[in-house]
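Hi,

Here is the model I said I'd pass on.

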Amino acid sequence: MNTLWEFLSMSDANVRFVTIGSILLAASSAVVGCFTVLRKRALVGDAVAHAVLPGVCLAFMLTGEKNPLVLLLGSFLTGWLSLVIIDAITAHSRIKEDTAIGLVLSVFFGIGILLLTAIQHSGNEKQSGLDKFLFGSAAALVGQDLITFGAVAVLLLLSVLLLYKEFKLISFDMAYARTIGLPVRGLELLLTTLTVLAVVVGIQSVGVVLMSAMLITPAAAARFWTDRLGVMIFIAAAMSAFCGAAGAYVSFTAPAMPTGPWIVMLLSLLAIFSFIMAPKKGLLARYLLQRRLRNQMTRENILKTLFLLGETKEEFGHSYSRQQIMERRKLPLLRMQGGLKALCRQNLVKKDSAGWALTDAGRKEAQRVVRLHRLWELYLTQYLQVASDHVHEDAESIEHVLTPELEKRLEELLNYPTTDPHQTIIPQQP
Amino acid sequence: MIQHVTEPVLEVHDVTVSYQRKPVLWDVDLTLPSQALVGIIGPNGAGKSTLIKAIMGLLPLNSGYVELFGKSLKEVRHRVSYVPQRESVDWDFPASALDVAMMGTYGQLGLFKRPGARERKLAMEALEKVGMQDYANRQISQLSGGQQQRVFLSRALAQDADLYLMDEPFAGVDIATETAIIELLRQMRETGKTVVVVHHDLQSAQDYFDWTILLNMRLVASGPTHETLTPDLLEKTYGGRLTELSKVSELLHKKNFPIRETKPVRK
């Protein structure tokens, strides 16, 4: 607990720098990642992330030191090269894009690992810490590194801020963007460059192996919470910033621990939470909606059954026991019990010693469902030429979805009918 | 039957277009009058969409040139508006109907500038014209096919151009929407605009268009509708491809031949 407090108080200047740096890097890659995901280039982002490694190693081998600017330049170059090669392979050969991405990713990463091993065995003392690029280490973000990488991150955020509407349009409809005269090729090039830059600065805290998660996961998670691009970008950035700060904390308390996996694990948890809990689009919301609909169908079916029983007796106030209802319509017992209880609460059904009976309001509701059922049956026989003995099943489910507008339209189409295809009376609107 | 006009709104001069070295349009040469509702008609794979994409500069030309209002596309871009096929984009994109309509103003706005109240008003007006004002804030994936089509139309309207090129604006649209759209296009024609529409229902083509282009890998006819929609010309358009043309296309593709020896000269 003490360490958390120490971390949160930010009294240590080092902690301050590392945290601010991590937040900045994480947020900027999430912002750029939103466009990567919307343009369906998530896999390309992964390839770039891996292709950065040989650049880092080559830059170190050529200069013999870990100058952040030089490393940044080297990784930027190989990252870019990998993209050019992917595009070239896709354009000039029969190989499809996914295969080209797979090829480029593994070749570049392979070369990177080869070079890294060579450097480690070269005996150059300055090389220590270079392997941090594999899994990341937020704690290494100090001094010159922080300034360089932080500046790039700010540059990324500014570019997106300035060209927001252009990036939005080319992500949505590239052809249209070209026809209104936007410099689409230039913008695409810039967006790709931004992606590469996001990767290059992000590897400091996460490392090349897991970098693509920093691009893709926040965007995918944020998409669940909103239908607005601006809001989506903001949520993605916020989630990522939080995880970046957490990564810095891990790096601070356990310096031996690789930061990347921690950040990515946290991000993944946030993403899973979003998939499940997000309103409307989340799994839970969808499940609850399903359940609500099912319960509504059960209740309407019970009302309908009571109504049909009443119809045969020509008297609707009579009470029926559970058995009697079950005889008329088979329903799972538990569900029926729940349904009856809910109907009682809504005052649509009342309970007495003999069983359950429709109230006045209940009868009206039942009448509405039966009416929709019979209208739909009639519509099917008249407009779809379905045989009258085949229409019942269909109407059983459609009766629950028909809206008052559709009901009105059906009535007009069928010329205000009074009987259904089985010559049963269609109850009129109360 | 290829009728030319003087002072055309659009001139397609001897244009050949290919996909992956396979010519799909051969030597198309036509001119269109101003203030007309023009239909491009032909069977599947006839190159209807290809033609308007080529006009909009979305596909490279193997030969020939396109002139709009007597100028190159670059000079008059703001006077031309394009409505792509509805399926060409992912409607799950996080945007509202208003967002999409607003994209029509981006061209005028220029780089870096953010759309403001003026652009919002223009987009709202465009949505009203297609009867979508009540759906302005709806996420686009929640709209029906016909509504999405209308949103695309409103984006083009927000551009306020003089020539509109529309790729199958009636595809997947119910009859009420289709009538509303064609009524709108007629109004646009009355205010002096020219509207070119890719269409594939012959029956309605007769009443909709006053100029018709018949296409099947080559230009079969271009002229006033009553002169082009004749049994004879329709037979030529729909009576199968010209086998020789398909065979030569196939050869060019297989042997990797250049389609023209020289690149087209920019006029």
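**Notes on the model**

Glu168(B) sits in the loop that runs between β6 (163–166) and α7 (175–190) of chain B; helices (H or I, at least four residues) and strands (E, at least two) are DSSP runs, numbered from the N terminus. Before I go on, bear in mind that this is a predicted model, so local features need pLDDT of at least 70 and side-chain atom pairs count only at pLDDT 80 or more, while totals for chains, interfaces and linings use all residues. Residues are numbered from 1 along each chain as its sequence is written, chains are lettered from A and ligands numbered from 1 in the order in which they are written, and side-chain values use heavy atoms, with hydrogens and water left out.

Glu168(B) has a positive phi of about 50 degrees, although it is not a glycine. Most residues other than glycine have a negative phi. With a relative accessible area of 15%, Glu168(B) is buried (buried means under 20% relative accessible area, exposed over 50%, partly exposed in between, with a 1.4 Å probe and protein chains only).

Gln423(A) also isn't a glycine, and its phi is positive at about 65 degrees. You'll find Gln423(A) in the segment after α19 (404–413) of chain A. Is it buried or exposed? At 61% relative accessibility, Gln423(A) is exposed.

On confidence, chain A averages a pLDDT of 88, and 100% of its residues score at least 70 (pLDDT is the predictor's confidence in each residue, from 0 to 100). Within chain A, helix α1 (residues 2–9) is lowest with a mean of 73, and helix α8 (residues 164–172) is highest at 95.

On a 1 Å grid over the protein atoms alone, a cavity is a set of points where a 1.4 Å probe fits but cannot get out, and a pocket is an open set with protein on both sides within 12 Å along at least five of seven lines; lining residues have an atom within 4 Å of a point. Grid points are joined across faces, edges and corners, and a volume is the space filled by probe spheres set on the points.

The second largest pocket has a volume of about 1000 Å³. Its lining has 33 residues, and Arg39(A), Arg41(A), Met174(A), Val184(A) and Glu188(A) lie nearest its centre. Which helix gives the most to that lining? That's α10(A), with six residues. The lining divides into 17 nonpolar, five polar and 11 charged residues (Ala, Val, Leu, Ile, Met, Phe, Trp, Tyr, Cys and Pro count as nonpolar, Asp, Glu, Lys and Arg as charged, and the others, Gly among them, as polar).

There is one cavity of 30 Å³ or more, and the largest cavity holds about 100 Å³ of space. Its lining includes Arg39(A), Arg41(A), Leu83(A) and Thr195(A), and α3 (42–63) and α10 of chain A each give two or more residues to it.

Lastly, two buried spots. Gly282(A), in the loop between α13 (259–277) and α14 (283–313) of chain A, has 0% relative accessibility. Its C-alpha atom is 6.9 Å from that of Phe224(A), 58 residues apart along the chain. Ser222(B), in strand β9 (residues 219–224) of chain B, is also buried at 0%.

Cheers
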